[in-house]
Amino acid sequence: MKTIIEPFRIKAVEPIRMTSVAQRATLIEAAHFNLFALKSDDVLIDLLTDSGTSAMSAAQQAALMLGDESYAGSPSFFRFEAAVKNLMPFKHVIPTHQGRAAEAILFSILGGAGRVIPSNSHFDTTRGNIEASGAEAVDLLIAEGLDPDSEYPFKGNMDLARLERCLTEQGDRVPCVMLTVTNNAGGGQPVSLANIRGVAALARRFAKPFFIDGCRFAENAYLIKTREPGQSDRPIKSIVRDMFEGADGMTMSAKKDAFANIGGWLAMNDDGLAESARNRLILTEGFPTYGGLAGRDLDAIAQGLKEIIDEDYLRYRIRTCAYIGERLLALGIPIVRPTGGHAVFVDARRWLPHIPPLKYPGQSLAVALYREGGIRCCEIGTVMFGQRPDGTETAAPMDLVRLAMPRRVYTQSHADYLVEVFEELAGHKETLRGYKIVWAPRAMRHFTARFRELN
Ligand code: F0G
C-alpha cells in the first residue's frame, strides 16, 4: 500500500470560508501586505504556525470535562505531572502557560549580564529571553545545518568541537547548555541520539546543567527511529526516554508535541533551582499546581502526551512534510532538504532571484501564496532577521518561507491544493514583485511592519 492515510476520522469540522483571488487582493492590501494583520476567517489554509493549532482528539475533549479547577492540589495537575514523567522522568515538573514562560523563568535565574548560553540554534523567544536577562545566546549548529542542499540526516546537531571550545574558553561564563529538538530556527531539522548524548557528556564533563528545549520531541524521536543506525526497531517511548536521560531539565511548549492549544512546562532535577523557579512562577504565572493554566488544559496535555508518541500518527505526520517537499522539488521549487518534522521551508531567495534580499523575496512569495490561493505562511528571512538595533538593515543568511503544518488539521487534498497553488505561481513567478517596508516598530518588525509592493 503506497498511500499513508490520515490515521484518524473526523468527528467535528470547522468550515473554511471560501474567498476569490480578487477579494484576497483587496484584503492583503488592506493588511498592508503583512500576513499577521489578516483576519484568520479570511484564510483558506493557515500554515502560519504548528503552535497551538492542533486538532484535539475525542479523548482530549473528554479529558477537558475531567479538568478540576481547584486552586491548589488539583488532580488534573497530578495527571499532567505523571504524563510528563512517564516520558521525561525529571524530579520537578512546573506547569507554565506556554513555552516562553518556562524560558523566562529559567533565564531569570540562570541568565544575567556576562553569561553565555550555547545551543544548536536558539528559537527566537529563547534568544529573546536570554538577551532580555543580559546574557548572550550563542548558536553552535553543525555546518551542514546551514546548507539547504545537504541531505545530512541530522542537520539539527550541535557542533560538539565548537561546544567543547566554548566550554573550555568561556566555561565560567556558561550557566547551562541548551539543545533544541527539533531545531525550529534551522528548518525543523532533527538532532541525533548520538549528538544529544555527546552534548550531555560534554555538559557533564564541564559540570554544567544541560537543558533540552523539547517542543517537538516526538517528531525528533521518530526521525531518530527512521534515520539513525540501530534505532529502527525501538519503540518511540524508549527513544524519547533516552533523549532526556542525560539532561538535567527541559523547557517545553505543549502547543507543539502535546496536542494542546495552550500550555508548557519547565522541568529539572535540581532542588534549589526548582525552588527558585517555583518562587518566580508564583509571581508571574500562578500556584505551582496550575502555573498559568486551567485544570482542563493540564488534562488536555496529559492526554495529548499519550497520543503524540503513537507511531502511526508520527509516520503520517512526517510523511505529510516529505510528500509536500517531494512534489515541490518535482516542480523545481527549491526547499530546505531533507524535510524535517513540522514544516516545509521554501528557499524564496533562490526561487525568485529577480528579487534581491532587501526587497524581501520571502515576503513576496508569502503574499503571492495568499493572494493566489488563500494560503497563509510565514517569512523567515530578511523581514524577520534583517533589522539591526541601530535601525540599519542587512540581508538574513537565507530568505525562507515556512509552511508549518498544524497537527491533525488538514488532509491530503489540502496538501495537493497547496502544491497546485505553487504550480500556478511557477507559471508566472517572474511577475512577483519586491516590497518596501513603509513602517516598522523598533524590534520584532515582522509581526507589525507595513509594506508597499514595488513596481
Ligand atoms: N522553542 C521552540 C523551538 C519553538 O518553536 C517555540 C515556539 C518556543 C520555544 C516558544 O513556545 O510559543 O509556547 O511560547 N514556536 C512557535 C512557532 C511560535 O511558530 O514556531 P511558545
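**Figure 1. Salt bridge between Arg349 and Asp399 in the predicted model.** The two side chains meet at 2.7 Å, N to O. Arg349 lies in helix 13 (residues 348–351), and Asp399 lies in the loop between helix 15 (382–385) and strand 12, 50 residues apart. Asp399 is buried, with a relative accessible area of 0%, whereas Arg349 is partly exposed at 24%.

**Figure 2. Salt bridge between Arg327 and Asp416.** The N to O distance is 2.8 Å. The pair connects helix 12, which holds Arg327, to helix 16, which holds Asp416, across 89 residues of the chain. Arg327 is partly exposed, with a relative accessible area of 29%.

**Figure 3. Salt bridge between Asp50 and Arg407.** The side chains meet at 2.8 Å, N to O. Asp50 is in the loop between strand 1 (45–46) and helix 2 (58–66), and Arg407 is in the loop between strand 12 (400–404) and helix 16 (412–426), 357 residues apart. Both residues are buried. They belong to a network of salt bridges that also links Arg216, Glu219, Asp257 and Arg317.

**Figure 4. Surroundings of the ligand.** The ligand is surrounded by 17 residues, the closest being Thr49, Arg100, Asp213, Ser253 and Lys256. The shell comprises two nonpolar, eight polar and seven charged residues. Helix 4 (residues 99–110) gives the most to this shell, with three residues.

Figure 5. A polar side-chain atom of Lys256 is 3.0 Å from a ligand nitrogen. The protein covers 93% of the 470 Å² of accessible area that the ligand has on its own.

Notes:
Residues are numbered from 1 along each chain as its sequence is written. This is a predicted model: local features need pLDDT of at least 70, side-chain atom pairs count only at pLDDT 80 or more; totals for chains, interfaces and linings use all residues. Side-chain values use heavy atoms; hydrogens and water are left out. A residue is near a molecule or strand if one of its heavy atoms lies within 4 Å of it. A polar contact is a pair of N or O atoms within 3.5 Å; within protein, one must be able to donate a hydrogen and the other to accept it, and residues adjacent in sequence count only if both atoms are side-chain atoms. Accessible areas come from the Shrake-Rupley method with a 1.4 Å probe; for residues, only the protein chains shown count as cover. Helices (H or I, at least four residues) and strands (E, at least two) are DSSP runs, numbered from the N terminus. Ala, Val, Leu, Ile, Met, Phe, Trp, Tyr, Cys and Pro count as nonpolar, Asp, Glu, Lys and Arg as charged, and the others, Gly among them, as polar. A salt bridge is a side-chain nitrogen of Lys or Arg within 4 Å of a carboxyl oxygen of Asp or Glu. Buried means under 20% relative accessible area, exposed over 50%, partly exposed in between (1.4 Å probe, protein chains only).
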